[in-house]
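Let me put the structure up and talk you through a few bits of it.

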Amino acid sequence: MSASKGRTPPLTAERRYGAAPGQGGKGGGGKGPAKPAGKKTTRTRRAAPRAAERTPRGPLGVAAALVRGVLRFVLRLVWGVGWRVAVALGLVTGLGVAYYAAQLPDVTDLVDGRARGSVTLLDRDGATFAWRGDQFGGMVTADTISPHLRNAVVATEDRRFWWHPGVDPQGIASAMRINISEGRGPLSGNGGSTITQQTAKLLCLGKPFDPEVWKNETEYEADCRRTTLWRKVQEATYAMAMEARYSKDEILTIYLNRAYLGAGTRGFEAASQRYFGKPAAQVDPAEAAMLAGLLKAPTTYAPTNNLGRSQDRARVIVGLMEEQGYLTAAQAEAARAAPATLSATAQQDQGGYFADWVMDTGPEFFTRDTTEDVVIRTTLDPRIQTAAETALLRVFKERVSPGSEAQAAIVVMSADGAVRAMVGGRNVSASGAFNRATQALRQTGSAFKPFIYAAALDLGMQPFDIVEDSPLTMNIPGSGPWSPENYDRKYAGMVTLTEALAQSRNIPAVRVSEQVGRENVRTVASMFGIDSDLAAGPALALGVSESTLLEMTGAYAGILNGGSSVTPYGLMELRLKGDDTPLMGTGGGIGERVISQQAAEELTYMMSRVVAGGTGGRAQIDGWEVAGKTGTTQGARDAWFVGFAGDYVAGVWMGYDDNRPLTGVTGGGLPATIWRETMVGVLDGQQVKPLPMRVPEPQAPGAIAAGEVSPSGGQASDPETDRLLREMLGTPESQPQPSAQQQPQPQRQPEPERMILDVLNNILGAATN
């Protein structure tokens, strides 16, 4: 104690932590070593209240602490799981990119992905007038096309194409924002796809068309265009693989060749040739903008469908090119001031019905289902096609009520059956539509009568032979009495065959048909090309059988060419694109003789009287000899005029698709008018050529009985027997007269040889039945 001088030393704890608050004195309140400890204690006391103020006490404090704890847990969980998922996705994506990249072939193997080939149709002069199938103009590259076209595609479809890695997150986010703002789903509408992603879709992620899996190419392509989240992921992976495997120019090359651009064109080379008649390397800014504008909606914006709409779309593309620096202000203004227009060939847009018919009649493996690129040279004459289309449109515009649903069809051909023009309906530019010239089977009416008189003349009758036009009743087994009538319900008494045909009288036609034998009439009509099922009864003479306009026109061509059958044809030559050697040639032409040349020439004379003074007067053409025949069916459901002048035969049909009766229309009316308007255009500029007709001499005509028309019931002997009888008994030869306009008056005395021939025919006919 003496050592401490009576002071108690501080406790160990006090020395370590300093004196307690308020404890001064000699033990710890002085300036010794305890002072720093005292300061530290003071700071601790000041901090405590602030911490207490930040954390409210009570239930509110507990809730806040709980929320902070949950947030910290979620953040730790997201981070802990997120980075692992990101790494896993990165690895999977990397493996996917590597896999796809290893599978990608050379660029040249991807530019033409068509599953079927194309057909290019040329007219008789070798000019292209139609295309069918998928057209591919040949491979182009990003370097060989016009720079304006390359820039237009990039400016329109993917402005960041040159520096993104195949996927553009900014573009995707922008597209999703636009879709949502317009009330659609985030993946509906604008897709934000890059050119690389679009190319991946065009390649269907490397999955080729398999006919054993897909019903057709349309279904295959529809599946490739499906838009789902998983599909987008696949496309993005495939796109990045393409970026790893190919250069930007190579990716753009694939896209430029694979894109569909309307009107059956695949790739920008085919589209440029189709719309502008020039290669893709030569298009100007306005044309480039129009082609690039097709990418959004090829069919909608195709200039062949709506040129004005396509030009409006091109103006938008020109603005994008100017905005992105690809065009100067002056270039952009020039492109807007002079928008692109179609080439002359594309503007014509004619011969669609004809092209469809050629495609249907050609070999299927080289037309409708071809896997090759085929070129077909046809018989089409664009000048004649234009004349036919113009005539039909003009007559309907000027002479038919605007709301009428009546239809019409026209066929023009040469005497050998080469079809020069075809219009299958009032929509003259239609393609793939119902073709009334080739597909519509309609009753022929009086247009069938020339075949009755052809059979009669070939069996030895003469144009001035007499036939009675008087009431007639025939007893038809199984049907009872049948009494045909003339169109005007009047009778002319004794008339010549020429008069009967010119005035289209029904009773004489029936009498002649029964006299020569229905089977002979059926044989002649069939051999001339009327392949449809011909009526078996006496009503055959009234044209109750059905036929197509193409068949009827071809049959009349047989009369013009001197009596030989023809097979109508449109295909002249078929070859593979790039080859000079044809794979096949003409698919039709003149066939076997049906009636004698004399009979054909006499029939031509008789048909010329139909136009010169009969029911076909509206078909007359100044300065030309015209022959033809009108036809109006019962109830006026069909109206026909078929005839010829110069080197051409043309047929016109008019009626309703639903077989309603026509109002105030007969074959000698509007059909004859359409025929005349067509043939005026066809013959314009042609050298006048007389018809190959033989004007009969005045001579004693034969008479056809007025009572029972044929003991054989209309079933005469076969044509070969008839020819032998004529050879044995002889047939007077008629000499042509110098003028076709003079019609001699027939004498009424019967010719002995002809009466003998008629009796033998009837006897032999009865014996055969």
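So, helix 5 and helix 12 are oblique to each other, because they pack at an angle of about 40°, and oblique is what is left once you take out roughly parallel (under 35 degrees), roughly antiparallel (over 145) and roughly perpendicular (65 to 115). Helix 5 is residues 147–157, helix 12 is residues 285–293, and their axes are 8 Å apart. Axes here are lines fitted to C-alpha atoms over the stretch in contact, with angles running from 0 to 180 degrees between N-to-C directions. On the helix 5 side you have H148, L149, A152, V153 and T156, meeting P285, A288, A289, L291 and A292 in helix 12; contact means heavy atoms within 4.5 Å.

Quick caveats: this is a predicted model, where local features need pLDDT of at least 70 and side-chain atom pairs count only at pLDDT 80 or more, while totals for chains, interfaces and linings use all residues. Numbering starts from 1 along each chain as its sequence is written, and side-chain values use heavy atoms, leaving out hydrogens and water.

Helices (H or I, at least four residues) and strands (E, at least two) are DSSP runs, numbered from the N terminus.

Now, which strands pair with strand 5? Strand 1, residues 118–122, runs parallel to strand 5 with 4 bridges, and L121 is partnered with I376. Strand 15, residues 571–576, is antiparallel to strand 5 over 5 bridges, with V375 opposite R575. Pairing takes at least two DSSP bridges. As for cover, 4 of the 5 residues in strand 5 are buried, that is, under 20% relative accessible area with a 1.4 Å probe, protein chains only.

Methods: Buried < 20%, exposed > 50% of the residue type's maximum accessible area, 1.4 Å probe, protein only.
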